[in-house]
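Please take a walk through this structure, one region at a time. Keep the sequence at hand.

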Amino acid sequence: MKKITDLDINNKKILIRCDFNVPLKDGKIIDDTRIKAALQTINYCLEQNAKIILFSHLGRIKEESDLKKNDLKVVATRLSELLNKEVLFINETRGKNLEQAISNMQPQDIILVQNTRYEDLEGKKESSNDKELGKYWASLGDYFINDAFGTIHRAHASNVGIATNMPEKSAIGFLIEKELNALSVLDHPTHPFVVVLGGAKVADKIGVIKNLVKKADKILIGGAMAFTFLKAKGLEIGSSLLDEENIPFCQNVLKDYAAKMILPVDTAVTKEYSDNEEYKVKDITALSKEEMGLDIGPKTIELFENILKEANTVIWNGPLGVYEFSKYKKGTDTILQYVVDNNIKTILGGGDIVAAASNANLKDKVYHSSTGGGATLEYLEGKELPGLVALQ
Ligand code: AMP
């Protein structure tokens, strides 16, 4: 697989697939981490005097009313501020305006093309990797750089489509290189290797558990998913979130890997899913029917810390409680702080756990915080990533 530094891009038109899928509120960007994560590759192309044409998706486009909500122009404005340089936004994904703007480019000019998923409105052309679309986008440049780690597990026209139409002229950018380097630590982890899993649904993490349970020395389970495991053990879990369908899966894992699976021993319980109600800490065996567990308790924190203390490699996916509520973020924040303070090599696998670390100002203090939740999960499941296969 080629890297951006293997290409001679001087004065060339470089198509770069970025991941600018930033969270928006009332049309404003509320977290620009993903834009910042793309800067290294863009700055390198500027230094190399390339002509830079950027592509990204933003949100989902299912109907006409999704277009305005997911207009990529806000990203052009923020990117231009970060680079202190003009970024020409083309409000189209194809056609004469785009082609004309590209043919007028000078070295170091930057164009951002409108949201690639605008092409999904009719026939899901981007998301179903429409052949003609990938070929068309590939025809607009001399080289292609895929730097969108967040979509590497998807076969879309703007990543796989372009790459397969210019196989000798495609490479990965610095962000994907950095993500793959960090995740490759998990291919041959230094033991003890500890997996921390939290979040809401067991269903989303079955593949990860199946793939990692053999390799890991311990799997620490928190978050709502712990309650499905506890239910599988026959405990009363009150009104805690339950993934009923997956109780048999949990029973099997607990049967086959009893010593590896570490479940909470206490939990912060309340009667209402809100940040306003009072809560109590209870032993895991003491929940009543109307109580729900929204965070791990202090004894569980201690139990997890004692295991993490010995760990040489940690991968963590999913928060250990409802970190969005101030009352129930303690478990997640305390354990995050613990791995940072004790210099434990920890990889945060994207999505909510990275958001939690970011809120606690710990995102940049852990060994690696991945920018791609879904992509990291599929990597951890041991699946092939189509975006990478297309570049190999
Ligand atoms: P996931 O996308 O599966 O990683 O789930 C993340 C979500 O899990 C977050 O929005 C958390 O609020 C939620 N979560 C974590 N712990 C709990 C819990 N004990 N009860 C309900 N939701 C939880």
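Start at Asn 84, which is exposed, with a relative accessible area of 73%. Here buried means under 20% relative accessible area, exposed over 50%, and partly exposed in between, with a 1.4 Å probe and protein chains only. This is a predicted model, in which local features need pLDDT of at least 70, side-chain atom pairs count only at pLDDT 80 or more, and totals for chains, interfaces and linings use all residues. Residues are numbered from 1 along each chain as its sequence is written, and side-chain values use heavy atoms, with hydrogens and water left out.

Where does Asn 84 sit? It is in the loop between α4 (73-83) and β5 (88-90). Helices (H or I, at least four residues) and strands (E, at least two) are DSSP runs, numbered from the N terminus. The phi of Asn 84 is near 55 degrees, a positive value in a residue other than glycine. Most residues other than glycine have a negative phi, and most peptide bonds are trans.

Asn 343 counts as exposed, at 72% relative accessibility. Helix α2 itself covers residues 39-47. Its buried residues are Leu 39, Thr 41, Ile 42, Tyr 44, Cys 45 and Leu 46.

Now step back to the whole chain. The domain assignment gives domain 1 (4-173) and domain 2 (188-380). Such bounds come from an automatic or database domain assignment. The C-alpha centres of domain 1 and domain 2 lie 35 Å apart. Nine residues from domain 1 and eight residues from domain 2 take part in the contact. Contact means heavy atoms within 4.5 Å.

Next, look at Leu 98 in helix α5 (residues 96-103). Is Leu 98 buried or exposed? At 0% relative accessibility, Leu 98 counts as buried. Leaving out residues up to four places away in sequence, Leu 98 touches Ile 90, Glu 92, Thr 93, Val 113, Tyr 136 and Leu 140. Gln 114 is 16 residues from Leu 98 in sequence, and their C-alpha atoms are 9.8 Å apart.

Helix pairs come next. Two packed helices are described by the angle between their axes and the distance between the axes. The axes of helix α6 (residues 131-138) and helix α7 (residues 157-165) come within 8 Å and cross at roughly 70 degrees. Axes are lines fitted to C-alpha atoms, for helices over the stretch in contact, and angles run from 0 to 180 degrees between N-to-C directions. Angles under 35 degrees count as roughly parallel, over 145 as roughly antiparallel, 65 to 115 as roughly perpendicular and the rest as oblique.

Which residues make this contact? From α6 come Lys 131, Leu 133, Gly 134, Lys 135, Trp 137 and Ala 138. From α7 come Ala 157, Ser 158, Gly 161, Ile 162 and Asn 165. By class, the contact of α6 with α7 has five nonpolar, four polar and two charged residues. In this scheme Ala, Val, Leu, Ile, Met, Phe, Trp, Tyr, Cys and Pro count as nonpolar, Asp, Glu, Lys and Arg as charged, and the others, Gly among them, as polar.

Move on to helix α10 (residues 225-232), where seven of the eight residues are buried. They are Met 225, Ala 226, Phe 227, Thr 228, Phe 229, Leu 230 and Ala 232. Gly 234 follows α10 and has a positive phi, near 95 degrees. The axes of α10 and helix α11 (residues 247-256) come within 8 Å and cross at roughly 75 degrees. The two helices α10 and α11 are therefore roughly perpendicular to each other. Thr 228, Phe 229, Lys 231 and Ala 232 in α10 meet Ile 247, Cys 250, Gln 251, Val 253 and Leu 254 in α11. This contact of α10 with α11 divides into six nonpolar, two polar and one charged residues.

Finish at a peptide bond. His 191 and Pro 192 are joined by a cis peptide bond, with omega about -5 degrees. Pro 192 lies in the loop between α8 (174-184) and β9 (193-197).
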